[in-house]
2 protein chains.
Amino acid sequence: MNINAEIISVGTEILLGRLINTNASYLSGRFAEMGVNVFYHSVVGDNPSRLSTALEAALRRSDIVVTTGGLGPTVDDITIGAISKTFSRPLVFNKNIAAGIKNYFGKKRVKMHPYVLRQAYVPKGARAFRNSVGTAPACVMACGKKTVIALPGPPGELVPAFERFVIPYIKERHKTGFVILTRAVRAAGAAESAVNRKIKNILAMDGAVKAGIYSRPGEVDIALTAKAESEKKALALIKKSEKKILRALGKKVYGFDSDTLEYAVGKRLLKKGLVLSTAESCTGGLLASRITDIPGSSRYFEKGVITYSDKSKIKELGVSEKIIKAHGAVSRPTARAMAEGLLEKSDSDIALALTGIAGPSGGTRRKPVGLVYIAAARKTKAKKTKCIERRFTGNRASVKRQAASAALDLLRNTL
Amino acid sequence: MNINAEIISVGTEILLGRLINTNASYLSGRFAEMGVNVFYHSVVGDNPSRLSTALEAALRRSDIVVTTGGLGPTVDDITIGAISKTFSRPLVFNKNIAAGIKNYFGKKRVKMHPYVLRQAYVPKGARAFRNSVGTAPACVMACGKKTVIALPGPPGELVPAFERFVIPYIKERHKTGFVILTRAVRAAGAAESAVNRKIKNILAMDGAVKAGIYSRPGEVDIALTAKAESEKKALALIKKSEKKILRALGKKVYGFDSDTLEYAVGKRLLKKGLVLSTAESCTGGLLASRITDIPGSSRYFEKGVITYSDKSKIKELGVSEKIIKAHGAVSRPTARAMAEGLLEKSDSDIALALTGIAGPSGGTRRKPVGLVYIAAARKTKAKKTKCIERRFTGNRASVKRQAASAALDLLRNTL
């Protein structure tokens, strides 16, 4: 059965452009996974009559209407009042919610203003859920065969309420008869167009699985989506396509779903018991920062140096002045010498070095902005230092990001 | 006169939660600045009849209706067709737009498929603007006293079209009689609540200027908004409040609008002709990466070291083993020794050092996750090394970010 939902976000802050409506995006993604169609998003300000009109129109055309925001204790918080009026459901005091609010303030050892208890009033016949993070309760309310759901605005409160209470409620009440599952394959070291070329035939053949290709600086994601009667069947469909994609892309694939390149690299270093050090020029510490974003990275990351000047490359890494003079600081021989020098001056098994021109200035005709050399040296493979050249486009931040990704990818291929 | 606008975003990708609707946020912010009220946002999929219904409802209640997206050359791109049908304006071929599209492909030296020229058809009576970045033209169309505007979906195409063509057009056609101006004061080294306490009386008195206080990790923004008949008058109102806020917050203020802490610090280093080096532990390179995000930072940044292990602190920075044994790697004496050691081993005038526990594990009762020590040593002020202790909450990424901000702020106060 086709079930349609729509999302009404309440908040003048959104209409003023001060807040981006990420809630609508999150909820839409979750509805899609449940097999529920979302045909409309709308945003209205903190204005009861406009919200009321929007609620009426929404309930006429959709099975499920979700509001976000406007559940707080102040006079600006109009959502519950508007739902109560629009659907003629008087507000009733909910003891359980009131106890939850009192408990929240007790735990924080903060005095509670009595007006906060305004949030314990919910429309008659609605089920309310205690907020585990804040005070505004989420509500679900049956309107004939349709459902109205009110969620708190802060994403940190909305997400747990939706996951814990609303999803089970919707699944029980609105049976769609199918699920939609999405899984992402994450690849690095290939352009979006190259990935597209390699997998387009696979995607064309597997009609049951839809795919989207999305690029991020230095990386490409392939999102696979399948619709089936059960989660198990949907997963089986995805796995079938995924297998072919993995074969086509080979070592370009580093992980799935929320995996990051730094996580993939860290896992391999840990598994092989290898220790890493980094030397950066143009990325200015971004590479090391990404590596150390992973909890427990101290087990495989020894040290990083950021040698921004020629002098520090010579002093810190033992790069010979001759090499820099002959080839320039941004050159293959310098990158190589940085990695090999760092390896010698550290106790690490692998040294990763980067030198390049992040821009916006500093480029020349022969060495343009975006030119980057990356070298990886290994203790066990002396004289076999790998070195690559890359030419990135984009602004300074984008060049830094792409260069760090390329370095992580070179490291991954070295392991 | 009150002018109302509303935004209809067209795109199934948004309704599936795969794309966040940042265009609506950007346009709303720009409308607010022009003194135009935005009362509704809505999103519809790539479905002509639903878009048509949304367009009709929007033009009934608003003076300006803006659509975003759906202007491309494929069959999924339905916006121009829907506008044409809804408002009974047949499509006519626009030679100028066609020439622009041909020119675009010529420059890229890519063969143009003839169907791309579908984008050169615009509703009769509409003005179309060449797209400087892509191929889909932006259109504006008068409907009686009201206006319908169609903008391309990619933000990189939408923003220049809106800034260059649409804003002047709206200002000419819909005179609001006033402007709204916003300016942000950016502060660091103080909590949101402390900033609020210090400035709330000022804000209460200056009724003409509205203020919002927004916190980011380790920083606080105060956004001042004024409404007046002219830009000059609005700016004068803001400047009046701003002056009082600057007096109340003193050195906590580091800049305005899009200034960043790293930019403010870099500017001062450059002005004073001082050179900086950094030593990081828990931030893992994030501090150096932020410093080197600023173009030209190579003029004042010498080098950075990331000493993740005790051994590297001893070897790279000359921290004595005794200090680490007696006080621990995360301690005031270690931070101090790191900064002073780095200063000695570099040619810099200032050394900034950081040591802490980023989490999620590694904390103890006495030294919890989020504990960070930051030291700043100066060549000209030997033995006068400044050292601060901070206790941050939040996840690993947030602790890293707050610690780097606190270090930049300490450096700023040292200069």
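So, B:Asp257 counts as exposed, because it has 11 C-beta neighbours inside 10 Å. Keep in mind as we go that this is a predicted model. B:Asp257 sits in the loop between β12 (253–256) and α9 (261–272) of chain B, and its phi is positive, about 50 degrees, although the residue is not a glycine. For background, most residues other than glycine have a negative phi, and most peptide bonds are trans.

What about A:Asp257, buried or exposed? With 11 C-beta neighbours inside 10 Å, A:Asp257 counts as exposed. Its place is in the loop between β12 (253–256) and α9 (261–272) of chain A, and here too phi is positive, at about 50 degrees, in a residue that is not a glycine.

While we're on backbone geometry, let's turn to the cis peptides. A cis peptide bond joins A:Gly359 and A:Pro360, with omega about 5 degrees. You'll find A:Pro360 in the loop between β15 (350–356) and β16 (371–378) of chain A. In chain B, the peptide bond from B:Gly359 to B:Pro360 is cis, with omega near 0 degrees, and B:Pro360 lies in the loop between β15 (350–356) and β16 (371–378) of that chain.

The crossing is left-handed. On the α9(B) side the contact is made by B:Leu261, B:Glu262, B:Ala264, B:Val265 and B:Arg268; on the α14(B) side, by B:Ser405, B:Leu408, B:Asp409, B:Leu411 and B:Arg412.

Next, the cores. The largest nonpolar core has 139 residues, and those with the most contacts inside it are A:Ala339, A:Ala407, B:Ala339 and B:Ala407. Leaving aside residues up to four places away in sequence, B:Ala407 touches B:Leu287, B:Leu352, B:Leu354 and B:Ile374. Apart from that core lies another, of 98 residues, including B:Ile8, B:Ala54, B:Ala136 and B:Val140. In soluble globular proteins, nonpolar side chains tend to be buried together.

Twelve strands form an open sheet with mixed pairing. If you'd like to trace it on screen, the order is β6(A)-β7(A)-β8(A)-β3(A)-β1(A)-β2(A)-β2(B)-β1(B)-β3(B)-β8(B)-β7(B)-β6(B). Which strands are at the edges? They are β6 (127–129) of chain A and β6 (127–129) of chain B, each pairing on one side only. On average, neighbouring strands of this sheet are turned by 15 degrees against each other, direction ignored.

Let's zoom in on β2(A). Five bridges join β2(A) to strand β2 (residues 37–44) of chain B, and the two run antiparallel. A:Ser42 stands opposite B:Ser42 in that pairing. Strand β1 (residues 4–10) of chain A runs parallel to β2(A), and seven bridges join the two. Within β2(A), A:Tyr40 is the bridge partner of A:Glu6. And why do we call β2(A) largely enclosed by the rest of the structure? Because six of its eight residues are buried.

What lies across the sheet? Helix α3 (residues 48–61) of chain B lies across β2 of chain A together with β1 (4–10), β2, β3 (64–68), β7 (138–143) and β8 (146–151) of chain B. α3(B) runs at about 175 degrees to β1(B). Helix α4 (residues 79–86) of chain B also packs on the sheet, touching β1, β3 and β8 of chain B, and its direction makes about 160 degrees with that of β8(B).

Last one, over in chain A. Helix α3 (residues 48–61) and helix α4 (residues 79–86) of chain A pack at an angle of about 55 degrees, with their axes 9 Å apart. That angle makes α3(A) oblique to α4(A), and the crossing is right-handed. The α3(A) residues in the contact are A:Pro48, A:Leu51, A:Ser52, A:Leu55 and A:Glu56, while α4(A) brings A:Thr79, A:Gly81, A:Ala82, A:Ile83, A:Lys85 and A:Thr86.

Technical notes. Residues are numbered from 1 along each chain as its sequence is written. Chains are lettered from A and ligands numbered from 1 in the order in which they are written. This is a predicted model: local features need pLDDT of at least 70, side-chain atom pairs count only at pLDDT 80 or more; totals for chains, interfaces and linings use all residues. A nonpolar core is a set of buried Ala, Val, Leu, Ile, Met, Phe, Trp, Tyr and Cys residues joined through C-beta atoms within 7 Å. A residue is buried if 20 or more other C-beta atoms lie within 10 Å of its own, exposed if 12 or fewer, and partly exposed in between; C-beta atoms are placed from the backbone. Two residues are in contact if their C-beta atoms, placed from the backbone, lie within 7 Å. Helices (H or I, at least four residues) and strands (E, at least two) are DSSP runs, numbered from the N terminus. Two strands pair if DSSP finds at least two bridges between them. Axes are lines fitted to C-alpha atoms, for helices over the stretch in contact, and angles run from 0 to 180 degrees between N-to-C directions. Angles under 35 degrees count as roughly parallel, over 145 as roughly antiparallel, 65 to 115 as roughly perpendicular and the rest as oblique. A crossing is left-handed if the near helix is turned anticlockwise from the far one by less than a right angle, and right-handed if clockwise.
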